[in-house]
Amino acid sequence: MLNSKTISALITVAVITGVGAPALADGLGDGSYVKFEFGSAFEAGGDAFWRPPGFPADPQVFFDLSRDNRAYVSAAVGHEWSDKFRGDVSLSVFGGSDFSGPWSRTVPMVAGPHADITGGSVSSTALMANGYWSPFGTMGDSYGIQPFLTAGLGVARNKMSDWTRTNAAAPRVNRTFEGASNTDFAWSIGAGVSANLNSPRSNPVLFEATYRYFDLGDAIGSGTPLPGNGASTPVTPLTYQQRDHVVSIGIRIPLGGN
């Protein structure tokens, strides 16, 4: 988990890279742009586990959780230095998504049954500094087609709702714990293509289609049981890695000539 000094440093780098960059261009706003995206996020796997109240006498339990697809929206401001290089700072929102699943293994290995996870949801918000490289530059005179590669670094705020564990062999079959939010390191990598929707290119509005892999760190629930769910608390609450394949489309609008 990141401390406040690390988070502040990352945000400062993002702001300098994405927002301060237009001051390097010739003329106010020259080379700067805004961008808006929407799409879908598909779960890309990741560990989920807890350490139950009896740990370490009871083992750490891993779960085979599955999560619904979730909506993705993003807004960014940035700067294009040439038809090969640009960068921006983005705020991306990953919508709420329900999850559940059975236990899969334990460490150390202990025969079951063990608890399953039968309810909960997660959502995330990410602030990231992103770089883009178009190895072929702009292709075509009228539509300005630009294949590109992209990578980003930043922080994510992950939120888990109240979550429920179920164990038919336990005195309390169902126990529900409070939700919680936490901040973690985030990164992404991907590729895409942009094309100018306007002709002539003196007034470009650029359509983008992008694929990215996001690692948003961990979503961690609270270990506090809801009223009526007993008093014992897990040593480590449910911890669920947030990894997504994201497919999006968007519009990039330059704010000045290059």
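A residue counts as buried under 20% relative accessible area, as exposed over 50%, and as partly exposed in between, with a 1.4 Å probe and protein chains only. This is a predicted model, in which local features need pLDDT of at least 70 and side-chain atom pairs count only at pLDDT 80 or more, while totals for chains, interfaces and linings use all residues. Residues are numbered from 1 along each chain as its sequence is written, and side-chain values use heavy atoms, with hydrogens and water left out.

Start with the rings. Rings of Phe, Tyr and Trp (its six-membered ring) pair if their centres lie within 6.5 Å; planes under 30 degrees apart are stacked, over 60 edge-to-face, and the rest tilted. The structure holds ten aromatic pairs. One of them joins Trp-50 and Trp-163 edge-to-face, at 5.9 Å centre to centre and 90° between the planes. Trp-50 lies in strand β2 (residues 48–51) and Trp-163 in strand β11 (residues 163–166), so this pair ties together parts that are 113 residues apart in sequence. Strands here are DSSP runs (E, at least two residues), numbered from the N terminus. Trp-50 is buried at 3% relative accessibility. Trp-163 is buried too, at 0%.

Now take Phe-99 and Tyr-240. They also pair edge-to-face, at 5.3 Å centre to centre with 75° between the planes. Phe-99 sits in strand β6 and Tyr-240 in strand β15 (residues 236–254), 141 residues apart, and the pair links these distant parts of the chain. Phe-99 has a relative accessible area of 3%, so the residue is buried. Tyr-240 is at 0% and therefore counts as buried. Elsewhere, Trp-50, Trp-163 and Phe-177 form one aromatic cluster.

Charges meet rings as well. A charge sits over a ring if NZ of Lys or CZ of Arg is within 6 Å of the ring centre and within 35 degrees of the ring normal. Arg-105 lies over the face of Phe-62, 3.9 Å from the ring centre. Arg-252 lies over the face of Tyr-33, at 5.5 Å.

Finally, the cavities. On a 1 Å grid over the protein atoms alone, a cavity is a set of points where a 1.4 Å probe fits but cannot get out; lining residues have an atom within 4 Å of a point. Two cavities reach 30 Å³ or more.

Note on methods
On a 1 Å grid over the protein atoms alone, a cavity is a set of points where a 1.4 Å probe fits but cannot get out, and a pocket is an open set with protein on both sides within 12 Å along at least five of seven lines; lining residues have an atom within 4 Å of a point. Grid points are joined across faces, edges and corners, and a volume is the space filled by probe spheres set on the points. Helices (H or I, at least four residues) and strands (E, at least two) are DSSP runs, numbered from the N terminus.
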